[in-house]
Amino acid sequence: MATAPSISKYFEAPTQAAPLAVFRILFGSMMFYSIVRFWSYGWIEKLYLKPKFFFTYYGFDWVQPLGIYTYLIFVVCGLSAVAVALGYKYRIFIVVFFLSFTYIELMDKTTYLNHYYFISCAAFLLIFLPANAYFSIDARSNPKKAFQEIPRWTIDSIKLLLCTVYFYAGLAKLNSDWLFHAMPLKIWLPARYDTPFLGDLLQQEWVHYVFSWSGALYDLSIPFLLLNKRTRIFGFVLVVIFHVLTKVLFPIGVFPYVMIFSTFIFFDAGVHHKILSFISKIFRIDKKHIDVISQNRVYPYSSKIPLIFVMIFLGIQLIFPWRYLAYPDE
């Protein structure tokens, strides 16, 4: 009977809003950069305008490129990402970003990356979180919307989503192909023969096995390393090394940077206040004024609906990967 009050106390416990503000800024900024990068490489025309046939997802046959107006979807997505980063009319633009980015993702199966799915999930989660409560245009223009503290579960929900990404990536590697045959790394790594300093090494079979086993161990252990304050710095160093390597070896766009920056959410609020102070100096923002108008104010959820949506959503993400059990063998 003692667990119920403990659970209730947890969901009512406040924490500093700075980590969520930093996550919003970095997430929105990286998404804007991703859209600009995608456009600058000419991929909109190559992938969505020139092809005559598209492989649609089940139930989403109606999601199709819109001809020349496909560019407009990317404009909307990019501008909404900027608005999210700035915390300007946040509630509207995080929904717009989620819808526009997910529409782009669903237009053709052949462009699928699981990283896109993660971004859609993160954007959907942010719809229900008060990421504009602190260090945002919304909070600055209307002090009634400024809060220095938010419910602890709002930040923990992002941590849980990130831990889910890593841990299930590790579980997916626990099969004979990955561990005992070093596949598909035995195919992928030799193809990177032109990589500076590493090209010759990547031809060695033992390296393929080292990468396979260390990749599985990394994914399975990194959530626990990041959650533990004593091992957090070490875990973050591993995150940087891992994602820099994946960036060098594989063409997966800005995702490594997204994961590196997202890892900041595991650090204490003091680290995020330093990041915000650094941003304030660059853009000449009066952080002291922001702190004054939001001081000792805790964001109040008027209903439990956002929490219910978040719990259902995260529950689905935890259960859905186990669908492989419905298939025979591995």
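Student: Which residue forms a salt bridge with Asp 291?

Tutor: Asp 291 pairs with Lys 287, and their closest N and O atoms are 3.2 Å apart. The model is predicted, so read this as a feature of the model.

Student: Where do Asp 291 and Lys 287 lie?

Tutor: Both belong to helix 15 (residues 287-294), where they are 4 residues apart and therefore separated by about one helical turn.

Student: Is Lys 287 buried or exposed?

Tutor: The cut-off for buried is under 20% relative accessible area. Lys 287 has 11%, so this residue is buried.

Student: How many salt bridges does the structure hold?

Tutor: The structure holds 7 salt bridges. Another of them joins Asp 156 to Arg 152, with 3.3 Å between the closest N and O atoms.

Student: How many residues apart are Asp 156 and Arg 152?

Tutor: They are 4 residues apart in helix 8 (residues 152-172), which means a separation of about one helical turn. Asp 156 counts as buried because its relative accessibility is 19%. Arg 152, at 41% relative accessibility, counts as partly exposed.

Student: Which residues are linked in a network of salt bridges?

Tutor: The network links Arg 152, Asp 156 and Lys 159.

Student: What about the salt bridge of Asp 268 and Arg 232?

Tutor: Their side chains meet with an N to O distance of 3.6 Å. Asp 268 sits in the loop between helix 13 and helix 14 (269-283), while Arg 232 is in helix 12 (residues 232-249), so this pair ties together parts that are 36 residues apart in sequence.

Student: How do the residues of the lining divide into nonpolar, polar and charged?

Tutor: The lining of the second largest pocket has 16 nonpolar, 4 polar and 2 charged residues.

Note on methods
Residues numbered from 1 in each chain as written. Predicted model: local features only at pLDDT ≥ 70, side-chain atom pairs only at ≥ 80, totals over all residues. Heavy atoms only, no water. Nonpolar A, V, L, I, M, F, W, Y, C, P; charged D, E, K, R; others polar. Salt bridge = Lys/Arg side-chain N within 4 Å of Asp/Glu carboxyl O. Helix = DSSP H or I, 4+ residues; strand = E, 2+ residues; numbered from the N terminus. Buried < 20%, exposed > 50% of the residue type's maximum accessible area, 1.4 Å probe, protein only.
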